[in-house]
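Here is a walk through one structure, taken a few places at a time. Keep the model in view while reading.

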Amino acid sequence: MSELPRFWRLWPGRRPVRARIPDGFIAVAAAALSVLMGNALAAEHNGKPPKPMVENAPMVETAPKKLFETHCGVCHSLELPRSQRLDRNTWRWVMDDMVNKFGATWITGKQQELIIDYLTENHGPQSP
Amino acid sequence: MKKSLEIHDQLRELLVENGASGDDLDRFDTVMSRRRFLAGLGGGGTALSLLGFGAGAEMALQGLFGRGMIPAAWAAEAEKTAQIEGKPGMIVHNPRPVNGEFPPHLLNDDVTPTTRHFVRNNGLVPQRAEAQNPQGWTLAIEGEVHRPLKLSLEDLMQMPSATYQACIECGGNGRANFNPPVRGNPWDRGAIGCSEWQGVRLRDLLQRAGLKDSAVYTAHDGEDPPIGSAQPFSRGIPIDKAMEEHTLIAYRMNGKPLHALNGYPVRVVVPGWIGSASQKWLNRIRIRDKVHDSDKMTGYSYRIPEYPVPPGSRPPESVMKILTAWQIKSLITLPAADTKTSAGKRMAVRGHAWAGENTVDRVLLSTDYGVNWKAAKLTRPANKYAWYHFDSEVRFDQKGYYEIWARAFDQRGNAQPFRQPWNPRGYLGNVIHRVPVLVDV
């Protein structure tokens with residue numbers, strides 16, 4: 001935590017409005033949030049022992065439920081997907097639209113498959 | 001605590017540096033001050049998960065901060081309470097973007113009060129709408145016209161106006177009744193309202209601008225910021241419908257400036273057609289020399305196959321056609337579902353019927369699963385495209401579980417179906433409305 005001020009010193013200062021996200025932002029956000037949260041996230045991570053938060057390598061979450069919440073929750077609330085009861089093909093269709101039309105291009109192919117698996121299993125036609 | 005406050009300030013500064021709007025800063029402050037931000041995290045909330053992006057994090061955040069927005073996950077908690085003011089009792093399908101409807105029994109009024117008019121958004125609510133601030137707003141009419149126009153709200157309000165009751169109904173209203181289920185907001189039956197709208201006839205504006213012979217279609221643009229990197233929401237209508245006298249550029253709803261969630265300061269009202277034609281937060285109409293071809297006019301959005309397809313299938317895009325008018329439909333607004341009564345007691349039944357470009361001919365009611373029917377009393381609408389109202393009385397002689405069914409017919413003889421015909425995105429749902437009643441049970 002004592003590292004925090006140093007991140008902020010690395011911050012390049014005033015930028016033009018609507019500038020790109022500067023390098024190092026993630027580390028800043030990670031550090032800021034980890035101060036707020038302590039090790040809660042790490043502890044929650046699949047029951048594995050908490051990993052130390054490293055400045056330039058924020059933890060990559062791989063549990064399907066977390067992937068769904070993380071990536072889908074960026075743009076819209078999760079109530080909508082949770083209200084759906086769709087088969088695999090339709091979830092694939094939705095995912096394709098989110099990536100191709102709504103710009104969720106950061107979700108890797110592997111992550112997409114894991115999210116589709118999760119949604120099909122938990123929000124499929126037979127789900128309560 | 002002191003440390004968190006510092007971080008709050010630092011994050012806030014970061015947002016300012018990246019051009020966050022005042023609106024988003026307010027949301028950020030709300031979230032941070034209420035600590036909902038933190039509270040939500042432990043319960044699997046999404047804010048913390050920003051940390052989990054890994055290699056894609058920068059791209060994800062760039063799309064948001066680069067446009068001066070804070071991530072949805074951070075804003076959602078604040079918006080849950082902040083944005084849905086003035087709509088008590090609304091069933092919220094989704095807080096971001098805000099989408100909500102009212103249960104049928106809350107839609108009993110002849111003219112839908114603003115507080116009970118549904119909300120369907122593809123994008124976010126513009127800051128101007130929330131602040132009810134007309135400063136700087138203009139409406140541009142351009143494209144295939146001889147004299148492009150740019151009008152202030154005052155300019156618009158000085159033109160001759162018309163006032164109509166008009167049904168606006170989301171094209172997906174009824175989607176929850178599709179089987180197999182389809183994607184999209186699960187509207188049941190309440191994504192419709194028939195409020196009173198005042199505004200300038202679109203045809204007056206188009207005549208003032210002078211349509212060129214090449215004019216074929218309108219394209220409506222609004223101020224609502226899109227979500228993610230979606231194309232800004234835009235749809236349009238054929239020139240004939242634009243020139244129809246009930247098509248309005250509306251600035252009053254039920255005698256007042258428009259509610260923020262219903263399109264302040266100005267929206268299009270295309271009565272009888274699917275709601276997406278009635279662009280909210282309007283600031284530009286482009287007259288096009290071909291059918292409007294935005295994202296929401298093409299593909300599977302607001303389109304249905306030109307022939308019936310097997311339920312659950314996905315026909316090729318080439319057979320999808322643009323949705324226009326609604327079709328015959330009715331809604332029982334009294335009694336509410338699962339109302340309890342006693343044998344031999346009379347029970348009032350009431351509701352509305354509407355028919356897109358057609359007229360309602362009759363509404364029949366049944367309390368025995370369609371074996372016997374009787375006609376309800378039908379009241380004519382205030383004007384074309386407004387709701388018809390139906391009234392009747394029923395009585396149950398024996399205890400048991402009953403359903404009141406309503407079935408409307410248009411002047412062509414088209415009636416509501418008993419089973420919901422299926423299309424891939426769940427549009428134009430008009431299966432008959434069934435209201436359960438419990439008699440001495």
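Which backbone oxygen does the side chain of B:Asn430 reach? The model is a predicted one, and in it the side chain of B:Asn430 comes to 2.9 Å from the backbone oxygen of B:Ile328. B:Asn430 sits in the loop between β22 (400-410) and β23 (433-439) of chain B. Its relative accessibility is 4%, so B:Asn430 counts as buried. Apart from neighbours within four places in sequence, the residues in contact with B:Asn430 are B:Gln327, B:Ile328, B:Lys329, B:Gln416, B:Pro417 and B:Gln420.

Charged pairs come next. Side chains of opposite charge can pair when their charged atoms come close. Over all chains, the structure holds 23 salt bridges. In one of them, A:Arg82 pairs with A:Glu69, with 3.1 Å between the closest N and O atoms. A:Arg82 belongs to helix α5 (residues 79-83) of chain A and A:Glu69 to helix α4 (residues 64-72) of chain A, so this pair ties together parts 13 residues apart in sequence. A:Glu69 is buried at 3% relative accessibility, whereas A:Arg82 is partly exposed at 35%.

In chain B, a salt bridge joins the side chains of B:Arg350 and B:Asp110 at 2.7 Å, N to O. Because B:Arg350 lies in strand β17 (residues 346-354) and B:Asp110 in the loop between β2 and β3, the pair ties together parts that are 240 residues apart in sequence. B:Arg350 is buried, with a relative accessible area of 15%, while B:Asp110 is partly exposed at 37%.

Another salt bridge, 2.8 Å from N to O, is formed by B:Asp221 and B:Arg284. This pair links strand β8 (residues 217-222) with strand β12 (residues 282-288) of chain B, the two residues being 63 apart. B:Asp221 is buried at 10% relative accessibility, and B:Arg284 is partly exposed at 30%. Both belong to a network of salt bridges that also includes B:Glu142 and B:Arg286.

The strands β2 and β3 of chain B are part of an open sheet of three strands, ordered β1-β2-β3 with antiparallel pairing. Its edge strands, β1 (91-95) and β3 (119-120), each pair on one side only. Four bridges connect β1(B) with β2 (residues 98-101), and B:Pro95 stands opposite B:Val98 in β2(B).

Finally, the cysteines. Zero disulfides are found over all chains. For A:Cys72, the nearest cysteine sulfur is that of A:Cys75, 9.2 Å away. For B:Cys170, the nearest is that of B:Cys167, at 14 Å. B:Cys170 is buried, with a relative accessible area of 6%.

Definitions and conventions: Residues numbered from 1 in each chain as written. Chains lettered and ligands numbered in written order. Predicted model: local features only at pLDDT ≥ 70, side-chain atom pairs only at ≥ 80, totals over all residues. Heavy atoms only, no water. Pairing = 2+ DSSP bridges. Disulfide = S-S within 2.5 Å. Buried < 20%, exposed > 50% of the residue type's maximum accessible area, 1.4 Å probe, protein only. Polar contact = N/O pair within 3.5 Å; in protein donor to acceptor, adjacent residues only side chain to side chain. Contact = heavy atoms within 4.5 Å. Salt bridge = Lys/Arg side-chain N within 4 Å of Asp/Glu carboxyl O.
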